[in-house]
Amino acid sequence: MIKTSSKVLVKGNEAIAQAALNAGCKCYFGYPITPQSEIGEFMSRKMPELGRTFVPAESELASISMVIGAGTTGTKAMTSSSSCGIALMQEALSAMVCAEVPGVIISVMRGGPGLGNIAPAQGDYFQAVKGGGNGDYKVVVLAPATVQEAVNLTYRAFHLSMKYRTPVILLADGILGQMMEPVEFGEYPYEEIDTSAWALSGAKNRKPRFLVSLHMQEGEMEAITNRIFEKHDLIAKNETTYEAYQTEDADLIITAFGTVARVAKAAVKKAREKGMKAGLFRPVTLVPFPDEALHNAAKSAKMVLDIEMNKGQMLVDVRSAVFGAAPVEFYGRPAGGLITLEDIYGQIEKRLG
Amino acid sequence: MDTSIIISGYGGQGLLFAGSLLCHAAMIEGKQTTWIPSYGAEMRGGAANCSVHISDDEVSSPIVNMSDVVFALNQPSEDKFEKRVKPGGLFIVNSSMAKIERKRADIEYIFIPMNEIAAQKPEPVFINVMAVGAFIEKTGILKESSVKEALKSMMSGKKAHLLDANLASFDYGAEFIKDFARV
Amino acid sequence: METLVYKKPECLKKDGKFTFCPGCGHGVVLRMIAELIDEFGIQGDTIAISSVGCSIFLEKFYDLDVAGASHGRSPSVATGIKRSLPGKFVFTYQGDGDALTIGLNETIHTASRGEKITTICINNTNFGMTGGQASATTLVGQVTKTTPTGRNPEYVGYPIHAAEMVAKCDGAAFVARVSICSPASIKKAKEILKKAFEMQIKGIGYSFVEVLATCPTNWGMSPVDSMKHIKDDIEKVHPTGIFKDITQTEAR
């Protein structure tokens, strides 16, 4: 990291790790995988210095389970991985939601399917948002578009995780992880959440507590699932965020998340300079998805164009939100195909030019 | 004003460092900047590059496709990136490791025999920093003083003994451009 | 005059009942653990990690804080807890399916890291809860639901010897295999479990106790024959003993 007065020139992965430290992350557990290994490397240096915990886990199965262990004690804990590694965590994520255990998961997407490649991609939207674990469950998912926002949303991930006792995924891509840009860290802007009413600490002078995910009594699991979904309704009501850029009078609204949205913003600016009325709608929270805001924005547009570095994943949620308010089209490149300013501008020009 | 720069060559030639040097200098001048490496496979000797933006406003698109400036420090990079220089853009080529060949009429070429220059100097010379020196002298996008300040802060601690050689490398690059202009 | 010779340990739930099959070894071991927790006076400072299998329902039996784990991951959950609360007594209660089949990686790595936790691994040589399929420790020749003609090593390989393997881990402080097939062996097992607990309580290191336990239902044997089966057959393949005790090694 290179500092000037208030800004630090830092790689996305290291920025996320530093933000986690500032947020009071006491434990990091992880297993290396490109393009996010700098997070674990950073933590291996910093955690011991601060008297906190770094454990190089034997697998992603182990690292997420260690996060669960720390989470059950009300300790702020984090793991980070990429596509195939996050795939291995899905069973545990489902269990975490069920047992209401907090924890932060950094997912820096690479190209897939399979081992795929290490290029930046957005093919794990479904993996994060819909989840590959079993049963009815949801995980809160945040999608930064810049390194600065990755810092801000890492803070928010810890806050939401503790506040709602839920796993939170920060969904970044290889570009965000590897990119350097100047950021301001500031201080962790949220109040500490009191965990004493539920965290495990040994049943001294109180009733025993259990945070488990097997509930065999008739009706027990149904009640728990309903309660978890009520919690998600509350999260949707309180925590949904998005960026709407020049959407009010837009003929064409682009929907995009993460790095692609940042590039799309540049394309929208360029299109506006040429007199084409384009706009950008960028969900910041992918779960909860800003359905209502997108629907309302789409009402006045002639068309919605969803752009992603995949074969059309957020597209499903965009269509569901737009719900006939405007036609929805898609442009995307999968598995590490980069979407450039020229690509997006071309897509706008094709429709509005 | 937004300038995009691609620095390409072999892994081990210090491309990523050259890019972050520009970024740091830009930050010192209060400009907006981004840096993205090609990552993972750029082990020593492999093909590598990084993309940099230096901008007065927010960098909206950190991904560089067509670039205002490209540094090609070896032959494969010259072959690969010549077509990705924007019309009117600048192509800086290390002619010690790449052919002197002008396939396009709409871009400006600067061929610098970086390794030969380095070999003639008494101290160790870093061609990545030499290339940055030539680029700054040629374009004036950043102040020489900002780059040197950035070098000083990047060459601290364990690397402090390399500072003088880096500063000299920068000057050799700048001198080449001055001499070139005189010719 | 009445003399109380047997009472329910404090940390077993007053209204709780074990729900295991008749003759099952789990209840014996869970009770021993409860007695030890009482003896050490650590009920209020203990966190138990349940695993997947017949070992899962700890919170139904114990007045202890309990965390759940996915199948095979109890040692990792225990790691997260112990690293967060180093002063607490943290133990995992797992079967051979959980600790040695799906979770062998976690078992070996947690031992090698020397996490200051205790693992109690019930080895009944089969997957009990799912109805008696072959596990990593199933004996050669043993009939299970998935080795219907007996375990054929040519076809499905050989059993894993857990205690011996864990003892090889540099990070392990105390490793033993015990059996609960007779009053004498149960008494011995409790002594060894006590040592394992001490390893953690005194901050010495990781302890692992494999318990050869009965599973009459899935073995298709009476409880008495099951005890005999442990003594006559299982102990020959999975011999009991202390495989590692760094406090003894250092003394030597």
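Predicted model: local features only at pLDDT ≥ 70, side-chain atom pairs only at ≥ 80, totals over all residues.
**Helix H4 of chain B.** Buried here means under 20% relative accessible area, exposed over 50%, and partly exposed in between (1.4 Å probe, protein chains only). Helices (H or I, at least four residues) and strands (E, at least two) are DSSP runs, numbered from the N terminus. Among the buried residues of H4(B) I noted Ile127(B), Met130(B), Phe135(B) and Ile136(B).

I then checked the length of H4(B), residues 127–139. At 1.5 Å a residue its 13 residues should span 18 Å, and the end C-alpha atoms are 18 Å apart, which agrees. The expected span is 1.5 Å times one less than the number of residues. Gly140(B) follows the helix, and its phi is positive, near 65°.

**Conventions.** I number residues from 1 along each chain as its sequence is written, and letter chains from A and number ligands from 1 in the order in which they are written. Local features need pLDDT of at least 70, side-chain atom pairs count only at pLDDT 80 or more, totals for chains, interfaces and linings use all residues, and side-chain values use heavy atoms, with hydrogens and water left out.

**Chain C.** I find 11 helices and seven strands in chain C. A compact globule of 252 residues would have a radius of gyration near 18 Å; chain C has 17 Å, which agrees. The radius is taken over C-alpha atoms, and the globule rule is 2.2 Å times the number of residues to the power 0.38. The C-alpha trace spans about 50 × 50 × 35 Å along its principal axes. Of the 252 residues, 59% count as buried.

**Chain pairs.** Two pairs of chains touch, and chains A and C have the most contacts. Contact means heavy atoms within 4.5 Å. Chains B and C do not touch, their nearest C-alpha atoms being 28 Å apart.

I searched the whole structure and found one cavity of 30 Å³ or more. On a 1 Å grid over the protein atoms alone, a cavity is a set of points where a 1.4 Å probe fits but cannot get out; a pocket is an open set with protein on both sides within 12 Å along at least five of seven lines; lining residues have an atom within 4 Å of a point. Grid points are joined across faces, edges and corners, and a volume is the space filled by probe spheres set on the points. The lining of the largest cavity includes Leu61(A), Glu91(A), Ser70(C) and Arg73(C). H3(A) gives the most to this lining, with three residues.

The largest pocket has a volume of about 680 Å³. Of its 32 lining residues, Leu338(A), Pro37(B), Ser38(B), Asn49(B) and Lys80(B) lie nearest its centre.

**Backbone of chain A.** Most residues other than glycine have a negative phi, and most peptide bonds are trans. I noted a cis bond from Thr34(A) to Pro35(A), with omega near 5°, and another from Val287(A) to Pro288(A), with omega near 0°. Asn205(A) has a positive phi near 55°; the residue is exposed, with a relative accessible area of 80%. Gln246(A) also has a positive phi near 55°, but is partly exposed, with a relative accessible area of 29%.
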